[in-house]
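Please find below a colleague's note on the model, arranged as numbered points.

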Amino acid sequence: MSNLRPADLAREHGLSPQAVRNYEREGFLPPAGRTASGYRIYTEAHAAALRAYLTLVPAYGYAAAGQIMRAVNDDDLDTALTIIDRGHGQLLRDRETLRSVRGAVEHVITESEARPAFPGGTRTIGELAHRLDVTPATLRAWEHAGILTPDRDPATGYRRYDAADLRDADLAHLLRRGGYLLDQIAAVLAQVRTAGGTDALATALADWQERLTTQGLTMLDAAAALSAYTALHRTLPAHRTHSVPPRPTPTPTPPPS
């Protein structure tokens, strides 16, 4: 393999040579060889490792990318593949959550138009329970699940439901009637609160879908880069990179007698 300098690896990615040395120190690259004078010598294996790491970062995050590269460099492929599997599992869960949220929002938009408005102002737990025809215990369970987040009256400690809480309660009630579980409803309402309402949420869901698609494609790129590095790494003697033999230690000259 041809010898490369830190600057050679850095130039491809717009990095500084020090960044490359830092990545090696963190174990993201295999150990570099050294010249007789102590300068680092990298090879095509190091260049492939750097490409793999930088492609893994947007796919799995900095922490997971570093763990994957350290595991590969330690010849622990099972650990590396387990971390990758977790990333794909999380992406699948995100897709399922998105599908659930999108279906719930469509359900809400369809049915909420026929629901009578609730006049403005705060309401007590009893008033809200009466409106929805549920028990106060049900509303407390929804609060425990993160579906409702009412304030408390500072004087009495009683729950106070404002306009946003009433909206969330209406949505939760519709979704429960539609067969959604509490954790699914909590995910929907978290998105509604973040987006600022169901109309804004529709746009947010489209953005979310685009992000998931991008991440999935990035994972494909990362898999290709990691596969290329792993194949190269495993062909090297003892899975180690090329190194320059150290300069022999001179034999000390005996003192004159």
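**Notes on the predicted model**

1. A salt bridge joins the side chains of Glu26 and Arg25, with an N to O distance of 4.0 Å; the term is used for a side-chain nitrogen of Lys or Arg within 4 Å of a carboxyl oxygen of Asp or Glu. Glu26 is partly exposed at 38% relative accessibility, whereas Arg25 counts as exposed at 56%. Here buried means under 20% relative accessible area, exposed over 50%, and partly exposed in between, with a 1.4 Å probe and protein chains only.

2. On provenance, this is a predicted model, in which local features need pLDDT of at least 70 and side-chain atom pairs count only at pLDDT 80 or more, while totals for chains, interfaces and linings use all residues. Residues are numbered from 1 along each chain as its sequence is written, and side-chain values use heavy atoms, with hydrogens and water left out.

3. As to the overall fold, the protein has ten helices and four strands, where helices (H or I, at least four residues) and strands (E, at least two) are DSSP runs numbered from the N terminus. Along the sequence these elements follow the pattern α-α-β-β-α-α-α-α-α-β-β-α-α-α. Of the 257 residues, 37% count as buried.

4. Eight salt bridges are found in a search of the whole structure. One of them pairs the side chains of Glu24 and Arg40 at 2.9 Å, N to O, and this pair links distant parts of the chain, since Glu24 belongs to helix H2 (residues 17-25) and Arg40 to strand S2 (residues 40-41), 16 residues apart. Glu24 counts as buried at 14% relative accessibility, while Arg40 is partly exposed at 26%.

5. Glu143 and Arg159 also form a salt bridge, their closest N and O atoms being 2.6 Å apart. Because Glu143 lies in helix H7 and Arg159 in strand S4 (residues 159-160), the pair ties together parts that are 16 residues apart in sequence. Glu143 is partly exposed, with 22% relative accessibility, and Arg159 is buried, with 19%. Elsewhere, Arg5, Asp8 and Arg11 are linked in a network of salt bridges.

6. Which residues gather in the patch of negative charge on the surface? They are Asp74, Asp75, Asp76 and Asp78; a patch of this kind is made of residues with over 30% relative accessible area and no salt bridge, like charges being joined within 9 Å. Asp78 is found in helix H5 (residues 77-112) and is exposed at 61% relative accessibility. Asp75 sits in the loop between helix H4 (62-73) and H5, and is partly exposed at 41%.

7. Most residues other than glycine have a negative phi. Asp75, although not a glycine, has a positive phi of about 60°. Asp133 likewise has a positive phi of about 60° without being a glycine; Asp133 is placed in the loop between helix H6 (125-132) and helix H7 (136-144), and counts as exposed at 71% relative accessibility.

8. Three aromatic pairs are found in the whole structure, a pair being rings of Phe, Tyr and Trp (its six-membered ring) with centres within 6.5 Å, and planes under 30 degrees apart count as stacked, over 60 as edge-to-face and the rest as tilted. The ring centres of Tyr23 and Phe28 are 6.0 Å apart with their planes at 40°, so this pair is tilted. Tyr23 is buried at 18% relative accessible area, as is Phe28 at 9%. Together with Tyr53, Tyr23 and Phe28 form one aromatic cluster.

Technical notes
Patch = residues over 30% accessible without salt bridge, like charges linked within 9 Å, V, L, I, M, F, W, Y side chains within 5 Å. Areas by Shrake-Rupley, 256 points an atom, 1.4 Å probe, with all protein chains shown as cover. Lys, Arg positive; Asp, Glu negative; His and termini not counted. Charge placed at Lys NZ, Arg CZ, Asp CG, Glu CD.
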